[in-house]
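Take a look at the model below. The text then walks through it step by step.

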Protein chains: 2
Amino acid sequence: MNNIVLKFGGSSVSTIAKMQNIADLLIQRSESERIVVVISAMGSTTNELMTLAKQASNKPSKREMDLLLATGEQTSIALLTMILKDKGANATSFTGFQAGIKTAGHYTKTKIVEIDDANIHHQLDAGSIVVVAGFQGINDAGDITTLGRGGSDTTAVALAARLQCPVEIYTDVDGIYTIDPSLYPKANKLDEITYEEMKELSFLGAKVMEYHSLDIGERYAVPIYVAKTSSASQGTWIKESAMQAVKPVTGVSISDQVMLVTIKYLPNDNRVVADVFVRLAEEGVNVDMISESYSSKNLIHLSFTVQRDDEEAITNLFQELTSSYPDVQPSYETTMVKVSVVGTGMRTQSGVAATLFKLLAELDVAFRLVTTSEISISFTIPAQDKERVALAMANRFEL
Amino acid sequence: MNNIVLKFGGSSVSTIAKMQNIADLLIQRSESERIVVVISAMGSTTNELMTLAKQASNKPSKREMDLLLATGEQTSIALLTMILKDKGANATSFTGFQAGIKTAGHYTKTKIVEIDDANIHHQLDAGSIVVVAGFQGINDAGDITTLGRGGSDTTAVALAARLQCPVEIYTDVDGIYTIDPSLYPKANKLDEITYEEMKELSFLGAKVMEYHSLDIGERYAVPIYVAKTSSASQGTWIKESAMQAVKPVTGVSISDQVMLVTIKYLPNDNRVVADVFVRLAEEGVNVDMISESYSSKNLIHLSFTVQRDDEEAITNLFQELTSSYPDVQPSYETTMVKVSVVGTGMRTQSGVAATLFKLLAELDVAFRLVTTSEISISFTIPAQDKERVALAMANRFEL
């Protein structure tokens with residue numbers, strides 16, 4: 001029998017009743033496949049644990065935050081495995097460290113560096129359904145760590161890479177759309193999309209899957225199937241062999257989670273600018289779009305976007321900067337969204353940028369930062385213009 | 001500075017506010033001592049997790065039950081450590097396996113076989129308050145395990161044994177009494193009690209500390225101090241050097257958790273009787289008082305007591321017995337309590353048993369099973385007679 005990794009998110013395991021449905025599905029599939037199932041914490045457990053941590057400390061220790069959050073998946077794997085055994089199945093639960101998932105890097109956003117799959121193989125060989133806690137692992141110091149946003153997807157794809165098998169990601173949405181169907185109901189669901197396009201969409205803010213899990217999928221050529229839990233409707237395959245795109249634009253992604261940071265009157269000195277980004281990197285903050293403009297010969301304005309949940313790191317940065325450079329005026333705003341258009345066809349078909357900026361001019365929408373990659377263009381616009389820009393783009397690019 | 005182990009139970013860490021008080025106490029003591037603190041799960045967390053498990057399965061897998069229950073202490077150590085760090089202390093949390101606690105035996109009631117204290121020493125040397133999850137460890141297979149009833153006390157005493165230091169157990173009661181003060185308000189609090197007496201009291205049902213933790217304390221000569229959390233009142237020392245008892249009876253213990261099992265018409269064959277106790281041992285059930293009586297030449301009646309939460313194992317035993325021996329009539333009752341009088345003075349002062357049975361006759365209380373040890377006498381009586389027997393004994397033995 002072939003190996004398969006299945007992943008179910010928090011809303012798919014939010015109640016015992018839902019877990020029982022998943023258990024039935026797993027037992028049925030285990031008749032013809034060797035199953036590794038990765039699950040998240042039940043429902044809103046992770047948020048509740050974060051709230052508890054905030055009661056304990058305004059700035060909870062990140063090492064202990066990881067230890068705390070890891071209890072969420074530990075609870076859900078124990079319960080799902082109890083249910084599987086109750087239904088007569090052979091099943092074994094593994095926390096991240098028991099599944100051999102070794103991590104490195106910043107607490108609360110560590111990366112998987114290695115998987116020792118001996119325990120998993122042993123249980124699969126013994127005919128067991130293996131239930132693995134998503135989102136967590138163990139680092140060299142023996143600390144329990146978590147993988148950050150979308151961590152359970154990363155666990156699932158990394159396990160599939162290690163076991164050289166496909167992975168199926170079950171979620172709230174029934175596949176990948178050309179544009180968010182809640183903004184544009186006529187949006188098409190894609191049967192296939194390339195890793196590259198999906199990574200670009202994810203990096204630019206699409207929430208279906210996180211960038212890191214897609215990156216692992218691409219590097220190890222793991223076929224990834226995204227579909228809706230307990231739905232007969234066909235999902236989307238993410239893989240290398242997607243057909244050559246005929247349209248220049250495959251999808252549009254809109255990210256609400258952007259925070260636009262502006263630092264005015266910074267000394268015009270590359271070491272100072274580098275220092276800003278080094279400090280942010282040390283805090284594990286990913287800086288996205290960046291622009292620099294001259295205020296005078298000796299002073300510059302620096303703008304960039306980060307994720308909104310990096311607010312604390314940004315506030316700390318501002319304090320450090322204003323104590324080092326008293327004239328600096330730092331600020332951030334959270335009223336912008338980032339719109340991205342993505343398509344491998346943009347490599348060979350020109351004119352997408354021109355079409356786009358013409359469209360924004362017609363709509364009278366002011367954009368701030370702009371970045372481009374080989375297969376994407378992104379720009380920030382006021383949140384209030386989100387819907388009409390999305391609609392206009394979907395029409396113009398026939399999405 | 002000297003090492004010290006402090007242990008706080010679930011009701012002492014049931015809220016963030018209570019944890020903050022404990023954190024203040026720990027910080028104050030860390031000025032003059034190297035602190036290892038062992039805590040239980042918050043308040044009723046363990047019961048809530050058990051309820052969740054019962055929803056998942058009528059007979060939850062014990063391996064997964066341990067994994068599930070272990071999240072309770074993992075949560076509380078993360079939060080207490082966050083609070084300590086928030087208050088500026090140097091602190092590190094360790095789960096059971098991170099603290100090097102190796103276990104063996106039945107899931108849900110494993111025993112500590114070894115402690116690798118390298119991580120703890122490393123952190124103590126670095127000036128850290130070390131916060132350890134009680135009640136849990138890891139077995140040879142790499143499974144997370146729990147230590148059963150009173151497991152956090154066991155963790156605390158075992159760590160103190162390993163670190164060769166005293167342990168302080170903070171709990172709901174302010175020390176060890178000669179008899180339960182809720183039954184007999186004039187009961188005296190003891191300044192000291194020997195391990196032996198305390199073990200006997202615990203084995204016979206006193207709830208202050210579990211037998212296993214006291215046994216470890218005795219074998220490694222760990223001074224144990226039992227006192228009330230956040231109370232100035234003096235507690236009780238449990239240690240070897242208690243003064244020679246002058247009274248024959250040091251304390252009376254009453255256990256409500258007794259289940260009296262009776263198996264009638266069992267074949268009069270030692271192999272059958274042995275088989276009953278082997279089956280119970282395999283389920284990890286501790287059999288306490290035992291009596292056998294003849295029904296006829298070939299048949300016997302067997303009675304014994306177990307803990308009430310072993311009901312499931314008893315029900316299973318009954319099913320197996322009735323299928324092997326159709327004539328057997330098994331039953332159990334939960335309307336009995338076990339009363340025990342304990343005192344090392346009973347070794348040298350005779351007449352305690354006589355006094356006791358005379359007293360019961362005067363009170364017209366029928367007792368069922370009786371067992372004696374070198375320093376104790378126990379008997380089962382109807383639960384409804386509990387108070388008046390306790391009062392009469394406290395008077396007669398001047399407790």
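What follows covers a sheet, its helices, the chain contact and the core.

This is a predicted model. Start with chain A. Four of its strands form an open sheet, ordered E5-E4-E7-E8, with mixed pairing. Strand E5 (111-115) and strand E8 (144-146) of chain A are the edges, each pairing on one side only. Neighbouring strands in this sheet are turned by 50° against each other on average, direction ignored.

Now the pair E4 and E7. Strand E4 (residues 101-104) of chain A runs parallel to strand E7 (residues 136-139) of chain A, and two bridges link them. Within this part of the sheet, Lys102(A) stands opposite Ile138(A) in E7(A).

Helices come next. Helix H3 (residues 62-86) of chain A lies across E7 and E8 of chain A, at about 75° to E8(A). Helix H5 (residues 151-163) of chain A also packs on the sheet; H5 touches E4, E5 and E8 of chain A, and its direction makes about 25° with that of E5(A).

Turn to the chain contact. Here 24 residues of chain B are in contact with 24 residues of chain A. On the chain B side, helix H2 (45-56) and helix H3 (62-86) each supply at least two residues. H3(B) gives the most, with 13 residues. By type, this side of chain B divides into eleven nonpolar, ten polar and three charged residues.

Last, the core. In soluble globular proteins, nonpolar side chains tend to be buried together. The largest nonpolar core here has 214 residues, and Leu80(A) and Leu80(B) touch the most other members. Beyond its neighbours within four places in sequence, Leu80(B) contacts Val13(B), Met19(B), Ile22(B), Ala23(B), Ile39(B) and Val131(B).

Methods:
Residues numbered from 1 in each chain as written. Chains lettered and ligands numbered in written order. Predicted model: local features only at pLDDT ≥ 70, side-chain atom pairs only at ≥ 80, totals over all residues. Core = buried A, V, L, I, M, F, W, Y, C linked by C-beta atoms within 7 Å. Buried ≥ 20, exposed ≤ 12 C-beta atoms within 10 Å, placed from the backbone. Contact = placed C-beta atoms within 7 Å. Nonpolar A, V, L, I, M, F, W, Y, C, P; charged D, E, K, R; others polar. Pairing = 2+ DSSP bridges. Axes fitted to C-alpha atoms, helices over the stretch in contact; angles between N-to-C directions.
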